[in-house]
Amino acid sequence: MKVMLIAHTPEPERVVAAAAKLCYSNAQLDDLLEGLTPEKSREFLDRLSSLGHESPTEHASFTFAIEGVSRSLLAQITRHRIASYSVQSQRYVRLDQFEYVTPPEIAVDSDAQQAFDDAMTAQAENYRRIAALLKEGHIRRLMQQGLDEKAAAKKAEKMAIEDARFVLPNACTTKMIVTMNARSLNNFFHHRCCQRAQWEIRELADQMLKLAYEAAPGLFQKSGPPCVSGGCPEGRMSCGRMAEMREKYQQLKGEKTP
């Protein structure tokens, strides 16, 4: 897995502080940014946090480039709907030798690992075979319709892999660009940093949080699973590791533990 923060709103904390200032004072547009030093901006953010006023944080957005994650993770992350996604297409990108994500519990069991690798190899072969059969048939029909061989082959390639991709496994890796505003990111961290989240998306959330915190610590000071800044909402499903989780996210953010 590789995660990069490739862009974000310039001076995100100052932008959010300006939005908060507009909400709670009679500031005019001409002097809205006046006096909003990093320290003063942080004061506004602390006040917003104490009030539970989250909407001003929607004015700061963060864009991540992500690769080496599974299609299984893709199905999970796109459930966070207040976001923008651009994903490598299996309709246009041929994946004869696809890379795949191996779950840790499989990786530590040699027999399971062998069976898993065999399954991936078989699926890759099935993909190539189906794509080849489909392409051959498409070329024949397209040439019968009047296309020359070169044009028919080019069109048939796309048509073939569009259908052959149905045999590709959830483990198959993908790449994506994801943009979320700070409010949506905090909601994402709230759900996906939790120990009850699936291991792969939890790892992704941790990496995204570390990068976001480095860019705007005031916006993500309390980010992480719910137990980082309050009680655990999971009831009987709680992992029971609140103290451990608080220490983990203090270390992730480079904060000193008490």
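## Basis of the description

Helices (H or I, at least four residues) and strands (E, at least two) are taken as DSSP runs and numbered from the N terminus. The model is a predicted one, in which local features need pLDDT of at least 70 and side-chain atom pairs count only at pLDDT 80 or more, while totals for chains, interfaces and linings use all residues. Residues are numbered from 1 along each chain as its sequence is written, and side-chain values use heavy atoms, with hydrogens and water left out.

## Helices α1 and α2

Two packed helices are described by the angle between their axes and the distance between the axes. For α1 and α2, the axes are 9 Å apart and the packing angle is about 65°, where axes are lines fitted to C-alpha atoms, for helices over the stretch in contact, and angles run from 0 to 180 degrees between N-to-C directions. The crossing of α1 and α2 is left-handed, a term used if the near helix is turned anticlockwise from the far one by less than a right angle, and right-handed if clockwise.

On the α1 side, Glu13, Arg14, Val16, Ala17, Ala20, Lys21 and Tyr24 meet Ser41, Arg42, Phe44, Leu45, Leu48 and Leu51 of α2, contact meaning heavy atoms within 4.5 Å. Sorted by class, the contact of α1 with α2 has eight nonpolar, one polar and four charged residues; here Ala, Val, Leu, Ile, Met, Phe, Trp, Tyr, Cys and Pro count as nonpolar, Asp, Glu, Lys and Arg as charged, and the others, Gly among them, as polar.

Glu11 is located in the loop between β1 (2-8) and α1, and has a positive phi of about 45° although it is not a glycine. As background, most residues other than glycine have a negative phi.

Thr37 belongs to the loop between α1 (12-24) and α2 (38-51). Its relative accessibility is 37%, so Thr37 counts as partly exposed, given that buried means under 20% relative accessible area, exposed over 50% and partly exposed in between (1.4 Å probe, protein chains only).

## Helices α8 and α9

Helix α8 (residues 199-215) and helix α9 (residues 242-252) have axes that come within 10 Å and cross at roughly 45°. That makes α8 oblique to α9, since angles under 35 degrees count as roughly parallel, over 145 as roughly antiparallel, 65 to 115 as roughly perpendicular and the rest as oblique. Asp206, Leu209 and Lys210 of α8 make the contact with Lys248, Tyr249 and Leu252 of α9, and these residues divide into three nonpolar, no polar and three charged.

Within α9, Met245, Tyr249 and Leu252 are buried. Seen down the axis of α9, its buried residues fall within an arc of 55°, so they line one face of the helix; the arc is that of the directions from the helix axis to the C-beta atoms. What covers these buried residues includes α8, whereas the face of α9 turned away from its buried side carries the exposed residues Ala243 and Gln251.

Gly254 lies in the segment after α9 and has a positive phi, near 75°. With a relative accessibility of 63%, Gly254 counts as exposed.

His138, in helix α5 (residues 110-144), counts as buried at 10% relative accessibility. Leaving aside its neighbours within four places in sequence, His138 is in contact with Ala156, Met159 and Ala160.
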